Amino acid sequence: MSDTVERILHNYAGESAGVIGNLRRLMQHGEIGGTGKLVILPVDQGFEHGPVRSFGAHPGGYDPEYHISLAVESGCSAYAAPVGFLDVVAAKYAGTIPLILKVNNSDLLGGPEAPHSAVTSTVEDALRLGCSAVGFTIYPGSSARNAMYAEARELIQAARKVGLPTILWAYARGALSKDGETGIDTIAYSAHVACELGAHIVKVKAPTDFIEAKDVRRLYESVPIASLSDRIRHVVQSSFNGKRIVIFSGGATKGTDDVLKDLREIAAGGGFGTIMGRNAFQRPRAEGVALLREAIRIFKG
């Protein structure tokens, strides 16, 4: 076992042996295993954005097996997807790579002011599929957030009982400006809320230096946020001073150089890794594999 991983797991000392074991499994798997970092491939975009937007550029992506085989070939820590995608591949890939069941999903028809993802699967599905964790999205900026927090609480409790850790996708979407959805104050706040709800791992977007809330702008005068690495450091600090694992999404599709520049800044700021979907699977397969392997190399240092 890795001393680095065990130091991180010490922060979860109150959890059951099942939760600790599955966190250890996630952090010990793949080419990055043992470093305390994670590189996860998530593919819920077909549900979230529609199939042609997600897979039209590379039609192989319509097949659920394409994505999990991409994660395996690249040496990723884990693969995350909704129940339908996992139903197709779980039996064939059981034991090959840790699976994460994305328990709720939104679609293109949700209202912008009150986004609220539908619960599409259960902890029982995660057990049936042999998953190592469950994932759940919250929108702290939404007027429906209290209902989502209650759903998250129930999921975390049910998953904890059977030894599964929970990853909260904490997206500051809702009654915010477009810039505010990735502003440093809202991203840090969203990460903290996810930790307060009991998330074992938090996923957020990489923050910009925009500040949404006028009443905190003065406070940020004493917080370094000029560079992305500074902002990552603040988000990690906001997540119980680094006592919870925080990973960052790959964001919208962009050029390889820009993706790698962001990943280096995330690593320099103490981020625990990346969970990158579209920037990997919307490339030709060889390029997607190369990008994920380079992400692993960056976080391995």
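**Which strand pairs with strand S1 (residues 38-42), and in what sense?** Strand S2 (residues 78-81) does, in the parallel sense, over three bridges. Pairing here needs at least two bridges found by DSSP between the strands. Within this pair, leucine 41 stands opposite tyrosine 79 in S2. Before the next views, some housekeeping: this is a predicted model, where local features need pLDDT of at least 70, side-chain atom pairs count only at pLDDT 80 or more, and totals for chains, interfaces and linings use all residues. Residues are numbered from 1 along each chain as its sequence is written, and side-chain values use heavy atoms, with hydrogens and water left out.

**The barrel is closed and has eight strands.** Going around, the order is S1-S2-S3-S6-S7-S8-S9-S10, with parallel pairing. From one strand to the next, the twist averages 25°. Strands (E, at least two residues) and helices (H or I, at least four) are DSSP runs, numbered from the N terminus.

Angles run from 0 to 180 degrees between N-to-C directions, with axes fitted to C-alpha atoms, for helices over the stretch in contact.

**Helix H5 (residues 64-74) packs against helix H6 (residues 83-93).** Their axes sit 9 Å apart at an angle of about 50°. That makes H5 oblique to H6 (under 35 degrees would be roughly parallel, over 145 roughly antiparallel, 65 to 115 roughly perpendicular, and the rest is oblique). On the H5 side, Pro64, Glu65, His67, Ile68, Ser69 and Val72 meet Phe85, Val88, Val89, Lys92 and Tyr93 of H6; contact means heavy atoms within 4.5 Å. The contact residues divide into seven nonpolar, two polar and two charged (Ala, Val, Leu, Ile, Met, Phe, Trp, Tyr, Cys and Pro count as nonpolar, Asp, Glu, Lys and Arg as charged, the others, Gly among them, as polar).

**Alanine 194 belongs to helix H9 (residues 184-197).** Alanine 194 is buried, at a relative accessible area of 0% (buried is under 20%, exposed over 50%, partly exposed in between, with a 1.4 Å probe and protein chains only). Skipping neighbours within four places in sequence, alanine 194 touches Ile138, Leu168, Ala170, Ala199 and Val202.

**Phenylalanine 240 sits in the loop between helix H10 (228-238) and strand S9 (245-249).** Phenylalanine 240 isn't a glycine, yet has a positive phi of about 60°. Its relative accessibility of 28% counts as partly exposed. Asparagine 241 lies in the loop between H10 and S9, has a positive phi of about 55° and is exposed, at 57%.
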